[in-house]
Every structure is written in C-alpha cells, then in structure tokens.
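Student: Could you take me closely through one part of this model, the nonpolar core and the helix packing around it? I would like the terms spelled out as you go.

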Amino acid sequence: MFKKLLARHEFLIAAIIVVLSLVIGAINPRFFGVANIFSLVRSATIMGVFSMGVLIVLISGGIDVSFPGIAVAAMYTTTELLVNWNYQGDSMLVPFAMSAFLGLLMGLVNAFFIARFKLPTFIVTLGTLSLFRGAMLFFVGSKYYNAAELPPAMRDYSAASVLTVQAGRGTTSLHPTIFILIGIALIVWLVLRYTMLGRGIYAMGGDREAAERAGFNIARTQVIIYAVVGVIAGIGGMIVGALFRQANPFSIVGTELDVIAAVVLGGASIAGGRGTVVGALLGVLLITIVNNSLILLGIPSDWQRLVVGFLILIGAGIPLLRARLTERRIAEQRRLEAQAARSGAL
C-alpha cells in the first residue's frame with residue numbers, strides 16, 4: 001500500500017509542499033505564523049475556486065483561458081447593477097446568484113462555439129476572453145468602485161470572519177469564503193468520481209472517438225462543462241470583489257497562467273483524461289506558497305513568473321516521464337514473457 005502511495009502524483013506534490021515549507025520556515029519563522037497561514041488560505045481560496053473549473057476542462061481534453069474575463073465581467077456587472085438599483089440587502093446570496101448567472105451565460109457562449117462548431121477550445125476561449133472584456137468596457141464602462149461605493153452586503157462580507165486570533169499587536173481572521181471553496185471542491189469531486197457525467201468527462205479527455213463509441217454525448221457534455229465553468233468563474237469573481245473590497249474591471253488579469261500551472265502541477269494532463277480534485281488543490285497550495293513566500297525570503301516579486309514557469313515545466317514533465325517509464329517497463333515485461341514462451345516451446 002505504501003508503494004502505491006509513493007507512486008501517486010499527489011503524494012509527490014504534498015512532499016514538496018512539506019519540504020518547501022520547512023525550508024522557508026527555517027529561513028523566516030514568520031512563515032508558520034498564524035497571520036501568514038491565514039493569508040495563504042485567503043490567497044489559495046480564490047485560485048482554488050478557479051482551479052476547479054480549469055480541472056474539469058483539462059480532464060475533458062480542453063484548455064480554458066477565458067475564466068478570468070468571465071469572472072471579472074460577472075463581478076463588475078453585478079456590482080454595477082446593484083449600485084444602480086441601490087441594493088441595500090445584507091445577504092450575499094443575491095450578488096453571488098447574479099454573478100453566477102452571468103457567468104453561466106458567458107460560459108454558454110464558449111459552449112456554443114466549442115460544441116456546435118467543434119472549434120479548438122484554446123482558440124475559442126482566447127477569443128471570448130477579449131470579447132467579454134471588450135463588451136464589458138464598452139457597455140458597462142470602466143468605473144472603479146472602491147470599498148465605500150460597494151453595496152453594503154459586499155462591504156460587510158469582506159470584513160466577515162469565522163475565526164479571529166491574536167497576531168502580534170493586532171488580530172488576523174479566517175474568511176468564510178474557505179467554505180465556498182470546500183463546497184465547490186466537494187461537489188466537483190463527487191461528480192467526477194460517482195456520476196456518469198464524470199465518467200464522460202474522463203472518457204472524452206482520454207479518447208474522444210472511443211467515448212463517442214461508448215455512447216457518451218460529446219456535444220452535450222461540452223455544453224455542461226463550459227456552463228459549469230462559467231458558474232464557477234462567476235462565483236470566483238464575486239469572491240475577488242468581496243475580498244479585495246473593490247470592483248475593478250482590470251483585476252485578476254493574467255491569473256490564468258497561475259491557475260493552469262497549479263492544476264497541471266497537481267497531476268492533470270494537458271492532453272486530457274487525467275486529474276484529481278486533491279491534486280489540483282495541492283497544486284494551488286504549492287503555487288500560493290511560492291508566490292507569497294518569495295517576499296518573505298526577500299526575493300523580488302519579478303521572479304514569480306520565472307518560478308511559476310519553471311514549475312509548469314516540472315508539473316508537465318513528471319507525468320510524461322512516469323508514463324514513458326511505465327511504457328518501457330511494460331514493453332520489457334512483455335518481451336521477457338515472449339522470450340520465455342519461445343524458450344518453453346523449444
């Protein structure tokens with residue numbers, strides 16, 4: 001059983017996280033401080049929510065780079081509408097529902113072009129990324145909403161906490177958005193592991209033609225995938241707006257690289273057919289630790305892109321190397337069996 005555990009990609013990533021944390025903590029003990037841990041959780045929550053949508057797409061054999069555009073457009077448009085309607089409610093259910101619905105509509109735009117015209121997912125989502133941002137700026141505008149201008153529900157939610165502890169001379173808190181991440185991750189895990197839809201997503205990513213012959217409706221599965229990704233992006237966008245205490249039409253621009261890197265590091269294959277929720281979350285944690293801890297180590301933030309790019313190469317290379325080693329081992333075993341069979345026949 002221990003050998004099986006060692007062979008799992010998730011175990012390798014977890015081991016890297018532990019070793020890296022010990023090294024960083026030895027250099028700067030503040031790394032293990034409650035304030036820094038809560039900061040890591042806060043940063044990982046946003047990326048973690050987005051990673052669940054990216055995970056589904058990668059498993060299906062696609063690549064989605066439009067989710068930051070969907071997230072920002074849904075969050076900003078929702079904020080604009082609530083401000084114009086003078087929404088004074090104290091519940092975040094309405095903002096989250098509106099943002100998720102707008103994300104669903106934009107996700108269906110991706111689904112239409114991908115499922116109807118069978119266009120490459122990367123090309124479609126790259127195009128819709130510009131389309132959503134351009135449409136938002138043209139129809140909604142580029143006004144920046146600061147904390148004082150946000151609806152009361154968003155302002156209050158940004159200051160909410162489920163746990164507040166003393167940290168130095170002040171206090172630090174754990175934000176309730178962690179439960180949103182846990183809920184989304186649990187739902188995605190259940191769907192991928194126990195439903196026919198999940199089997200179809202893995203089958204489509206592994207071999208599309210074989211999935212079609214097995215009876216899976218590829219077009220319908222793609223529509224569901226990109227609709228769900230749109231909903232997740234809309235929810236993630238509202239989390240960004242609440243945690244940052246602002247509605248900025250240019251926020252989280254360029255974060256798609258970090259999220260895709262995290263999911264690939266967690267064991268998801270760019271070619272499709274492989275990936276787990278646990279692996280994706282571990283990848284998110286690793287990227288978050290790297291991004292947040294470079295500052296603690298006194299390393300310029302400009303180096304973050306270099307480190308993330310290096311991690312992408314490692315994350316994509318390790319599964320391929322393992323697959324090649326497995327293929328060689330199987331081929332060698334078959335050769336020996338064939339040789340033994342010929343020797344027995346003689």
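Tutor: A nonpolar core is here a set of buried Ala, Val, Leu, Ile, Met, Phe, Trp, Tyr and Cys residues joined through side-chain atoms within 4.5 Å, where buried means under 20% relative accessible area, exposed over 50% and partly exposed in between, with a 1.4 Å probe and protein chains only. The model is predicted, so local features need pLDDT of at least 70 and side-chain atom pairs count only at pLDDT 80 or more, whereas totals for chains, interfaces and linings use all residues. Residues are numbered from 1 along each chain as its sequence is written, and side-chain values use heavy atoms, with hydrogens and water left out.

The largest nonpolar core holds 86 residues, and the members that touch the most others are Phe-50, Met-52, Leu-55 and Ile-225. Helix H3 (residues 34–59) gives the most to this core, with 13 residues; helices are DSSP runs of H or I with at least four residues, numbered from the N terminus. Leaving aside neighbours within four places in sequence, Phe-50 is in contact (heavy atoms within 4.5 Å) with residues including Phe-67, Ala-71, Ala-233, Gly-237 and Val-259.

The axes of helix H4 (residues 67–84) and helix H11 (residues 218–244) come within 7 Å and cross at roughly 60°, the axes being lines fitted to C-alpha atoms over the stretch in contact, with angles from 0 to 180 degrees between N-to-C directions. H4 and H11 are therefore oblique to each other, since angles under 35 degrees count as roughly parallel, over 145 as roughly antiparallel, 65 to 115 as roughly perpendicular and the rest as oblique. By class, the contact of H4 with H11 has 7 nonpolar, 5 polar and no charged residues, with Ala, Val, Leu, Ile, Met, Phe, Trp, Tyr, Cys and Pro counted as nonpolar, Asp, Glu, Lys and Arg as charged, and the others, Gly among them, as polar.

H3 has a packing partner in helix H13 (residues 277–296): their axes come within 8 Å and cross at roughly 140°, which makes H3 oblique to H13. On the H3 side the contact includes Met-52 and Leu-55, both of them among the core members that touch the most others, and these meet a set of H13 residues that includes Leu-281, Val-284 and Ile-287. The residues of the contact of H3 with H13 divide into 12 nonpolar, 7 polar and no charged.

Conventions: Helix = DSSP H or I, 4+ residues; strand = E, 2+ residues; numbered from the N terminus.
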